[in-house]
Amino acid sequence: MARSSAGTLTHFDTRGRAHMVDVGNKASTRRVAVAAGRIEMKATTLARVASGSAAKGDVLGVARIAAIQAAKRTAELIPLAHPIALTRVAVDFVLDAPARTVEISVRVECRGQTGVEMEALTAVAAGLLTVYDMLKAVDRAMTIRDVRLIEKRGGRSGTFRRPVVKGKPAKSRNRHPG
């Protein structure tokens, strides 16, 4: 739930009832959020994604569209989220063969009175669920992991950047234009 700068939960009124936060008096500023997540799968399943040979077609192309659509429709899915006029939704995939994962990252932007973190997170979740849906016939043991906010900028609360974990070896990663 959202917190104000004083640390109080903003999605509850003084009587503890849920309500949609009033953003009417907030300044309209450029808002950016980046979220990411990954799905683990069998090596043979990942090979199908990489080669484009999945039975249902272009897995990453469909997942990209699903992520974009989900970002645009977040307010319909998250009860207290505000409808936001998005100015950009960019979706990127990284295939990591040694880890047998597809990682998705989504960048969402707008100029408005509230942030776009929920839109970025919703887009990541929908993109990963779409990958699962398109491949479940060959790999029901796929696991979605680490859906998280990476960065957010804009607004009164300023910038948030998830700390990078140091000491972990870099993975060989191949960007997929999908």
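Visitor: How many salt bridges are there by this rule, and what makes a pair count as one?

Guide: The count comes to 11 salt bridges. A pair qualifies when a side-chain nitrogen of Lys or Arg lies within 4 Å of a carboxyl oxygen of Asp or Glu. Please keep in mind that this is a predicted model, in which local features need pLDDT of at least 70 and side-chain atom pairs count only at pLDDT 80 or more, while totals for chains, interfaces and linings use all residues. Residues are numbered from 1 along each chain as its sequence is written, and side-chain values use heavy atoms, with hydrogens and water left out.

Visitor: Why is the contact of E109 and R30 called a salt bridge?

Guide: Their side chains meet at 3.0 Å, N to O, and the rule asks for a nitrogen within 4 Å of a carboxyl oxygen, so the pair passes. E109 sits in strand β3 (residues 101-112) and R30 in strand β1 (residues 29-40), so this bridge ties together parts 79 residues apart in sequence. Strands here are DSSP runs (E, at least two residues), as helices are (H or I, at least four), and both are numbered from the N terminus.

Visitor: What makes E109 buried or exposed?

Guide: E109 has a relative accessible area of 8%. Buried means under 20%, exposed over 50%, and partly exposed in between (1.4 Å probe, protein chains only). E109 is therefore buried, whereas R30, at 44%, falls in the partly exposed range.

Visitor: Which other residue forms a salt bridge with E109?

Guide: R88 does, with the closest N and O atoms 3.1 Å apart. R88 belongs to strand β2 (residues 86-96) and E109 to β3, so this pair joins parts 21 residues apart in sequence. R88 itself is partly exposed, at 39%.

Visitor: How do you know that E151 and R161 pair as well?

Guide: The closest N and O atoms of E151 and R161 are 3.6 Å apart, which is within the 4 Å limit, so the pair is a salt bridge. E151 is in strand β4 and R161 in strand β5 (residues 160-161), 10 residues apart. At 14% relative accessibility E151 counts as buried, while R161, at 54%, counts as exposed. Elsewhere, salt bridges with shared partners join R30, R88, R107 and E109 into one network.

Visitor: Why are the buried residues of helix α1 said to line one face?

Guide: T45, L46 and V49 are buried in α1 (residues 43-51). Seen down the axis, the buried residues fall within an arc of 100°, so they line one face of the helix. That arc is taken from the directions from the helix axis to the C-beta atoms. An α-helix has 3.6 residues a turn, so residues three or four places apart point the same way. The face turned away from the buried side of α1 carries the exposed residues T44 and S51.

Visitor: What makes a group of residues a nonpolar core, and which of them have the most contacts inside the largest one?

Guide: The members must be buried Ala, Val, Leu, Ile, Met, Phe, Trp, Tyr or Cys residues joined through side-chain atoms within 4.5 Å. The largest such core has 31 residues, and M41 and V102 have the most contacts inside it. Elements giving two or more residues to this core are β1, α1, α2 (59-72), β2, β3 and α4 (117-135). The top contributor is α4, with seven residues.

Visitor: What does M41 touch?

Guide: Leaving aside residues up to four places away in sequence, M41 touches L46, V49, R100, V102, V131, L135, D139 and M142. Contact means heavy atoms within 4.5 Å.

Visitor: What makes R100 stand out in its phi?

Guide: R100 has a positive phi of about 55° although it is not a glycine. Most residues other than glycine have a negative phi. R100 lies in the loop between β2 and β3, and is partly exposed at 39%. D146, in strand β4, also has a positive phi, near 55°.

Visitor: Why are L129, I144 and V147 called a nonpolar patch?

Guide: Patch residues need over 30% relative accessible area and no salt bridge; like charges are joined within 9 Å, nonpolar side chains (Val, Leu, Ile, Met, Phe, Trp, Tyr) within 5 Å. V147 has a relative accessible area of 39%, so V147 clears the 30% cut-off. Together the three have about 240 Å² of accessible area, by the Shrake-Rupley method with a 1.4 Å probe, where for residues only the protein chains shown count as cover.
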